[in-house]
Amino acid sequence: MRNILIAAALSFPLAVSIPLTVQADELIVRGDRLFIHAEVNGRKAEALLDSGAEMTVLDTRFAREAQLAEGEEVTARGTGAGTVKAQIVEGVNLTALGRQVVLPAAAVMDLSDIEARVVKAPVPVIVGRDLFDAGRLAIDIEGRRIEWLSGDEPMAGVMLPLSASHGIETIPVTFGGVAADADFDLGNGTGLLLSRELAERLNLRPVGVEPAGGIGGAAGRTVVYVPELTIAGRSFRNVRAHVADNAQVPANVGVGLLRQFRIVTDFRQRAVWLYPIE
């Protein structure tokens, strides 16, 4: 049995994208969680959008209803306290925003804990970076719109280079005068995350402990306040953050911060553009 890190371990070819009728679509926003309309092997679902997931994840019951064949069993680790069992299946067809994406592989696991404890809504599918690898996307969280763009359109906003780390894309940010890489994570609806090492480097004082954690179960995390965080030239002050002991990247910026920008992602061209909303 293989061991994997969900969103941080497998190496597969890029998903194959087949344009259909390209269109803008509704971005469903529930708090700091983002959902899109999708179909998996012809079965419709509201899918959680997660740029910080290295592969698309299907709930066990949904995969069964979509009549997916069983795959290789693995042990998966997410951002929670422990590991979970999953299966890796191949040849899954995802359709979103009028584009069909043939996934080289997807993970199937029980997402009931995530539904009840974290998202507090049904999560039949988590659409990972496969969608972002398929083309250039414009995402307006406050405007609740998401759409494909052509690759030659001029982009407004600050261009940030993407760097790969453990299968996830990171962007450069600064904490006061300290530069760091941060996961670009539209699946993070719980706020800013910091590694233990970065929190200690910034001399941040703990103010409490809270339950948190994603796939793998709840885990207690130290709460701190960051005096200053700058993303794409925009500064945020006194930002509340969790310290994650199992973090593999210095920081993780999620929807609570990224919704302050209009976003264009181009994972193929290794860039994102962030345009601050006034």
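These legends describe close-up views of a predicted model. Residues are numbered from 1 along each chain as its sequence is written, and side-chain values use heavy atoms, without hydrogens and water. Local features need pLDDT of at least 70 and side-chain atom pairs count only at pLDDT 80 or more, while totals for chains, interfaces and linings use all residues.

**View 1. Confidence along the chain.** The average pLDDT (the predictor's confidence in each residue, from 0 to 100) is 87. At least 70 is reached by 86% of the residues. Residues 1–5 fall below 50.

**View 2. Strand β26 and its partners.** Strands are DSSP runs of E, at least two residues, and helices are runs of H or I, at least four, numbered from the N terminus. Two strands pair if DSSP finds at least two bridges between them. β26 (residues 271–276) runs antiparallel to β16 (residues 158–161), with four bridges. L160 stands opposite V272. Six bridges join β25 (residues 261–266) to β26, also antiparallel. Here I263 partners L274. Four residues separate β25 and β26 in a hairpin, and R270 in the turn has a positive phi of about 65°.

**View 3. The R129–E169 salt bridge.** A salt bridge puts a side-chain nitrogen of Lys or Arg within 4 Å of a carboxyl oxygen of Asp or Glu. R129 and E169 meet at 2.9 Å, N to O. R129 lies in helix α3 and E169 in strand β18, 40 residues apart. Both are buried (under 20% relative accessible area; exposed is over 50%, partly exposed in between; 1.4 Å probe, protein chains only).

**View 4. The D245–R196 salt bridge.** N and O are 2.8 Å apart. D245 is exposed at 57%; R196 is partly exposed at 26%.

Conventions: Contact = heavy atoms within 4.5 Å.
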